[in-house]
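Morning, everyone. Let me put the model on the screen, and then I'll walk you through it.

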There are 2 protein chains.
Amino acid sequence: MSRLEVFGIEGIGEVVRGADLAVLVAEAAQSNGTPLADGDALVVTQKVVSKAEGAMARVDPEDPLGHKPLVEENSVRILRRRGDLIISETKHGFVCANAGIDLSNVGRGEAALLPDDPDRSARRLRDALSGRFGVEVGVIVSDTFGRPWRRGVTDVAIGCSGIRPIIDLRGTRDAYGRELQVTEVALVDEVAAAAELVMGKSTGIPAAVVRGLDPAWFTGPGERSGVVADVVRSAAEDLFR
Amino acid sequence: MSRLEVFGIEGIGEVVRGADLAVLVAEAAQSNGTPLADGDALVVTQKVVSKAEGAMARVDPEDPLGHKPLVEENSVRILRRRGDLIISETKHGFVCANAGIDLSNVGRGEAALLPDDPDRSARRLRDALSGRFGVEVGVIVSDTFGRPWRRGVTDVAIGCSGIRPIIDLRGTRDAYGRELQVTEVALVDEVAAAAELVMGKSTGIPAAVVRGLDPAWFTGPGERSGVVADVVRSAAEDLFR
């Protein structure tokens, strides 16, 4: 029977520009008594990736709307505005509030931007964990997005490496032998959502492990995977852009 | 440390109209050696709930578009059409493809409709498990929806009972003492997504348990919770309808 464990990695501590996330994560997991293992999906939040990469900007700490020019700068297209809220498309193709710019869990006067290339961020972390700690994991960079039609936010993947973003069930059959209608499952988004359940928003746990996923859901050596290429829907096939 | 287990409930077997889901689920979980326990979140797919409730319709098995009139019937508003695909709003307020009507994992010539009131379905299942098996769980009825802007489907909650649909973090502070911007987490959707990872689309596992969630995320006695009331965004506050 398929059985997953989902647990947060505690004790990573404050992440500063230039920090080595692979070391921070691997050592914290080790200290927790739950070292990373082959076949784990490791989920790290955008926030610590952006901090480590220095994808930060200064904002006026006295101005609650001081980050708005940054939002415009980091948007390639504005989809909706209401009051202070801007829903826009980022250069990566993500559609989200405020271009993914985030003022929580950062220092006063700072704003965290999205990583320049979150798939590359995931790949580097994965490669570092493989090369230096000898552990083969899938890495997902997660962020917290709202969505139309439903209240509340959920965590989704903005970058990944080593794990298939989408599980393609085309050609597989249901329990009645009928070919499945629903064919593409957004695996990395479901894994990111599961991880959020142990990370919380205020607890300072920026990484989590989902252990026990089907080994077929990970990529083989040399096989590329990415959220931007595989999950972002092109404007042409999107009915809501 | 917060730690979750997620596992499917195998051996539920075929669900027919009038089936007693509480008995089927509780006994299968018992047979698997993982009986339901207080504080579990039990996720059941819309499909088996609809089957048990008889929320099914006949379609012409020879006509691949035979379910389209049903889609129109079960929509209160059409948002988009492209080719055979209809994105519409159901009477519950869900915006999804084909009004949630599903032809996979049902018998030939049949279509599964959404349950009439999925929150009530969840409440009945929860009450039956509590009353007859003495176990206090949160129940989520899940379904598989696409979303704009991102490829792939994920499982979301269409009904719940005993578990808070949305965790409201308003007033809580981040690790820096700053009040959180992101305040409402769609708990039941993240739990539904986590459960999907062990259910799959073709494996015939229609129920799963997420064990280890924060007890504060469950409702107290007499406290109502529901997806339709708490998660569905009203047209007035929705920027994309």
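First, a definition: copies are superposed by least squares on the C-alpha atoms of residues with pLDDT of at least 70 in both. Now the ground rules. This is a predicted model, where local features need pLDDT of at least 70 and side-chain atom pairs count only at pLDDT 80 or more, while totals for chains, interfaces and linings use all residues. Residues are numbered from 1 along each chain as its sequence is written, and chains are lettered from A and ligands numbered from 1 in the order in which they are written.

So how do the copies relate? Chain B goes onto chain A by a rotation of 180° with 0.0 Å of shift along the axis, at an RMSD of 0.0 Å. That is the relation of a two-fold axis. The same surface serves both copies: 100% of the contact residues of chain B recur in chain A. Contact here means C-beta atoms, placed from the backbone, within 7 Å.

Next, the interface. Chain B gives 61 residues to the contact, and chain A gives 61 residues. On the side of chain B, the largest share, eight residues, comes from helix 5. By class, that side has 28 nonpolar, 13 polar and 20 charged residues. Ala, Val, Leu, Ile, Met, Phe, Trp, Tyr, Cys and Pro count as nonpolar, Asp, Glu, Lys and Arg as charged, and the others, Gly among them, as polar.

Elements are DSSP runs numbered from the N terminus: helices are H or I, at least four residues, and strands are E, at least two. Strand 1 of chain A and strand 1 of chain B run antiparallel, joined by five bridges. Pairing needs at least two DSSP bridges. There, A:Arg3 has B:Phe7 as its bridge partner.

Back to helix 5 of chain B. Buried means 20 or more other C-beta atoms within 10 Å of the residue's own, exposed means 12 or fewer, and partly exposed is in between, with C-beta atoms placed from the backbone. After helix 5 comes B:Gly200, with a positive phi near 65°.

Last, a loop. Strands 8 and 9 of chain B pair antiparallel over seven bridges. B:Trp149 lies in the loop between them. Its phi is positive, near 75°, and it is not a glycine. Most residues other than glycine have a negative phi. B:Trp149 counts as buried because 22 other C-beta atoms lie within 10 Å.

Key: Two residues are in contact if their C-beta atoms, placed from the backbone, lie within 7 Å.
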